[in-house]
Amino acid sequence: MQDLNPPLEQQQQLATAFDRGDYAKVASACAALLSNHKRSGFLWSTLGKCHLKAKNLDEAATCLNKACELNPKDPSVFSSLGDVHRAQGQTDNALALYRKALSLDDNDLSALNNMANTLTDLGRLTEAEPLLEKAAKLAPQSPVILFNYSTVLLRDGRMEQAKALLEQATELAPELSSAQYNLAQLQSLDGNKQAAIKRFEKILEASPGDDRVRADKLHVQAHLNDWTWVEEYQQVRRQLGLTSKACSAFACLTFEDNPDLLRLRTQAYANTLLPKVTPAKPLPDDLLGTDRPDRLRIGYFSSDYHDHATMHLMAGLFEAHDQNRFDIIAYSYDPAPEDAMRRRVSQAVTSFKDISQLSDAEATKQVVADGLHIAIDLKGFTGNNRTTLFANRLAPLHMSYLGFPGTLGSTAIDYFIGDHVTCPAGSERYFEEHLMRLPHSYQVNDDKRPLSGQQYTRKDCGLPSTGFVFCSFNSSYKITPTEFDIWMRLLDQVEGSVLWLLECSDSSKENLRREAAERGQDPDRLIFAPRVSQEKHLARHRAADLFLDTFVVNAHTTASDALWAGLPVLTLPGRQFASRVGASLVSAVGLPEMIAKSAAEYEARALELANDPDALAALRSKLQRNRRSAPLFDTRGFTRRLEQGFDMAYGRYLQGLPPTHLEVAARPVTGPKMPHTALVTPSVEPTVLAP
């Protein structure tokens, strides 16, 4: 009678070769040996695992099922078969097989790890964590298990614990690039950007074509005003994010003002995050042409329902919504503790729902049960987003608003809310979404935002008692050599003037001061404002004379802050959405004269105002008058126009018509029932310019 298995020495040789990665050679040897050992569970199992490594999933399943039949007490076989089902997208079967493996050996590392990974993919973090915690105790020297455990903690918002695990993993396996990458990201978030750059550079030494890492490195350098990033970017710009790994969409919009190139990169990024998108279901025939529901149910999704720039702008919108015609649900996925802003929003909306502990599948199930008519993503591809939720169909219509200043590059979103300045005629080709153009600025503002009663003197702000104060409270990454050159020439031409910037890292301040010195300026003419509460920050704007906007990415909330505080903003619009926000805001506050047509005009206008106190005083007086009458700070009027846009979009849906570009009228129609017809602009076929 033949032995069931080949000799032990032969089994050990095959196992060693498998561990080396010689899968094809091992598979060939197993197939040959099976002619004499047809009932060898070891050979069927090993052959199945080789097929799994080669992604021959059907063959792997056949072999592993045979191995299960021959050796039903081997947990590794069930675990491997679980891997096959997971790769085939059969997650329920995979989880059942992992449980079977663990019932045979509750310390089986492969089953613990891979079951946890499957649960993590499903967003079931509370189930995944104890499995990885146990695996990490069993194998504290396993960098892969430590990395996977850190991933769960990261997704749960426990950054410090995740960072500690990543540090262990990278010490054990410096070549584990995924762990190195995540650790670099955490170091950057912690403010240790120099260490993050070094870690990114280390990854690039081993993988110079990793576009994702390079883009992140360049973006961190921009945060530090290390402008060597500009030259490096020019060397890789034609292929960055297009030929290798997709790059962060947010980082990409900061590199240059090229909306055609940005759309391509963002589409590539979206395809990695939302590879499968559930299309909207057509309206049932019996509902076609029916009247609008008495109350449209609108869901806003965000992680910023707390003291955050988004809520500084939006809080008044939630309070101004017409509760007779709209049912407003705020979906929060931020576990941040409750503060005054969160309480204000929760009291203003119909319902406030915390979905931070729900997986994507669980959150989708709850949202669908809520019966939304329109779901609005307020984050896009910014930090702490859950835009992947929108790959599922949460509502008949999906919209992107406010958070991300550009297309999300995915058919998951039906409408992008903009205006005629940020999205001028012809810009349709820059967006995957259809445009909903509001008549004034797209940006809502809260007309109840308080300014501190404290009267800030220049001395209070660390500013000289005399001389002109140029100001730019934009984030440091928005400042590039282009505008900085202009700012330094202005300091040169306006005696005694200073440039007032927002507090940034020590490295950034050192770099900016060095750049000023290289341009012949006294570095002490750059003064940095420490970070203070929102009310105090708004009030201290009065100590400045003129806000100078940045170019590739304009001031957004920071521009509205300045205008609300009575500080004029000078801007230069570009081509992409993010570079046209400043023009949108100053136009909506009635100061079109503050929109320059060129860099030369921007510089000349700033110089003119710095040398003409009367002209500047007249401008500030005009702004002060307009604050209470111009559309930019008319929260109620803005809300009515946005609601009209919702009605127009949903009206088309009720008629069985697909989304299209919409133009919202300046004077919104009011009443219980809005007409279903919509003003539209012709659709422009997407075209692409060579990058």
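Asp-327 is buried, at 11% relative accessible area (buried means under 20%, exposed over 50%, partly exposed in between, with a 1.4 Å probe and protein chains only). This is a predicted model, where local features need pLDDT of at least 70, side-chain atom pairs count only at pLDDT 80 or more, and totals for chains, interfaces and linings use all residues. Residues are numbered from 1 along each chain as its sequence is written, and side-chain values use heavy atoms, with hydrogens and water left out.

So who does Asp-327 pair up with? Its side chain meets that of Arg-297 in a salt bridge, 3.1 Å from N to O (a side-chain nitrogen of Lys or Arg within 4 Å of a carboxyl oxygen of Asp or Glu). Arg-297 sits in strand 1 (residues 296-302) and Asp-327 in strand 2 (residues 326-332), so the pair ties together parts 30 residues apart in sequence. Helices (H or I, at least four residues) and strands (E, at least two) are DSSP runs, numbered from the N terminus. Arg-297 is partly exposed, at 26%.

Now look at helix 4 (residues 57-70), where Glu-69 and Lys-66 are three residues apart, about one helical turn. Their side chains form a salt bridge too, at 3.8 Å from N to O. Glu-69 is exposed, with 54% relative accessibility, while Lys-66 is partly exposed at 26%.

Further along, Lys-622 forms a salt bridge with Glu-593, their closest N and O atoms 3.0 Å apart. Lys-622 belongs to helix 26 (residues 613-626), and Glu-593 to the loop between helix 24 (581-588) and helix 25 (599-611), so this pair links distant parts of the chain, 29 residues apart. By the salt-bridge rule, the count comes to 43.
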